[in-house]
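Notebook open, new model on the screen. I want to go from the overall fold down to one helix pair.

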Amino acid sequence: MDTETEKEYPLNTSRLTKRQDDIGCKQNMKLDQFSCQTQMKLYRVHATLLQDNEDKVVVEESFQTKTSSKDELKESSGEPPESTSSSTLESWVIKFEQSVNVLLTDSVIKILDTLYHDRNYARFFVLETIARVPYFAFMSVLHLYETFGWWRRADYLKVHFAESWNEMHHLLIMEELGGSSLWFDRFLAQHIAVFYYFMTVFMYIVSPRMAYHFSECVESHAFSTYDKFIKAEGDELKKLPAPEIAVKYYTGDDLYLFDEFQTSRPPNSRRPTIENLYDVFLNIRDDEAEHCKTMKACQTHGNLRSPHSYPEDEFEDEGNCVLPQADCEELN
């Protein structure tokens with residue numbers, strides 16, 4: 001028995017050792033499997049994050065090529081590419097706005113031509129009453145924006161006020177010449193001005209570019225009207241004295257506001273000489289050309305600046321005032 005027990009003991013020991021080894025191996029395998037699973041989860045997380053980052057980079061890098069491929073397909077099929085769709089839409093919007101402006105301006109001009117074909121001073125009174133209204137409307141909306149803290153541009157307020165100041169003196173000159181002597185003329189001008197004011201406020205809120213272009217059309221027509229009048233009545237105008245209000249405005253000591261609305265030229269570069277009525281209408285015509293230039297500049301957002309805020313060497317010497325190439329068609 002002892003011999004058999006001694007013989008079996010090493011066998012039992014080996015079995016016990018084997019069992020322990022198996023248990024240890026299983027435990028080690030479980031630990032290894034757990035660590036492996038943990039590492040795999042970590043690796044999966046890192047791989048997912050890296051894959052997301054890689055996908056984003058790939059999308060950003062391949063965005064242009066995908067767009068260009070679509071553009072090529074559209075070009076081959078005769079459709080405009082996506083890159084130019086926004087500019088094409090904007091150009092159509094601008095054309096539509098200008099067409100509406102030309103139609104509205106042309107309608108008013110036909111009314112004035114019918115009622116005032118042989119009454120120049122009365123026509124000028126009505127025209128100047130209407131022409132100064134947009135600047136009131138612009139300032140009203142700008143003050144509203146300032147109240148809410150949306151948009152604050154001091155230069156716009158300064159220039160538009162100077163423009164209204166200039167147009168007001170044109171109106172005073174026409175009143176001194178007798179353009180407002182009839183009740184009907186005052187009634188018509190004032191009621192058109194009221195309608196024009198609210199229309200311009202609405203237009204300026206919806207599309208400042210459209211509102212500025214409409215005012216450009218009006219100023220362009222005013223230039224043409226005065227230019228034709230000067231050429232037709234120039235000899236007679238040279239024989240008539242200049243109104244006192246015109247002499248004070250154009251040759252006074254304080255010409256800051258006179259320079260302020262002329263955004264295309266440096267301050268102190270235009271100093272009119274007033275000797276007769278011809279000189280008055282000549283300068284009124286040139287004022288309208290300056291208004292037209294300013295309205296054209298305003299159609300580019302943020303493009304307007306007070307002429308007093310520029311160094312003088314930044315202005316180009318433009319010589320005499322010339323009617324700019326307006327976007328609107330010839331309206332007479």
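I started with contact range: among contacts with a separation of 6 or more, 80% join residues 24 or more positions apart. Keep in mind that this is a predicted model.

Next I checked burial. Of the 332 residues in the protein, 39% are buried.

The unreviewed UniProt entry puts "transmembrane region" at residues 124-145 and at residues 187-206. In the model, residues 124-145 are 95% helix and 0% strand, and their end C-alpha atoms sit 33 Å apart. For residues 187-206 I find 100% helix, 0% strand and 29 Å between the end C-alpha atoms.

On to the helix pair. At what angle do the axes of H4 and H5 cross? I get roughly 155° for H4 (residues 133-148) and H5 (residues 154-176), with the axes coming within 9 Å. Angles over 145 degrees count as roughly antiparallel, and H4 and H5 are therefore roughly antiparallel to each other. I noted the hand of the H4 and H5 crossing as left-handed.

Who makes the contact? From H4 I listed Tyr-135, Phe-136, Phe-138, Met-139, Leu-142, His-143 and Glu-146. H5 brings Tyr-156, Leu-157, His-160, Phe-161, Glu-163, Ser-164 and Glu-167. Sorted by type, the residues of this H4 and H5 contact come to 8 nonpolar, 3 polar and 3 charged.

Terms used. Residues are numbered from 1 along each chain as its sequence is written. This is a predicted model: local features need pLDDT of at least 70, side-chain atom pairs count only at pLDDT 80 or more; totals for chains, interfaces and linings use all residues. Side-chain values use heavy atoms; hydrogens and water are left out. Axes are lines fitted to C-alpha atoms, for helices over the stretch in contact, and angles run from 0 to 180 degrees between N-to-C directions. Helices (H or I, at least four residues) and strands (E, at least two) are DSSP runs, numbered from the N terminus. Angles under 35 degrees count as roughly parallel, over 145 as roughly antiparallel, 65 to 115 as roughly perpendicular and the rest as oblique. A crossing is left-handed if the near helix is turned anticlockwise from the far one by less than a right angle, and right-handed if clockwise. Contact means heavy atoms within 4.5 Å. Ala, Val, Leu, Ile, Met, Phe, Trp, Tyr, Cys and Pro count as nonpolar, Asp, Glu, Lys and Arg as charged, and the others, Gly among them, as polar. UniProt positions are given in the numbering used here, feature names are shortened, and annotations may be inferred rather than shown by experiment. Buried means under 20% relative accessible area, exposed over 50%, partly exposed in between (1.4 Å probe, protein chains only).
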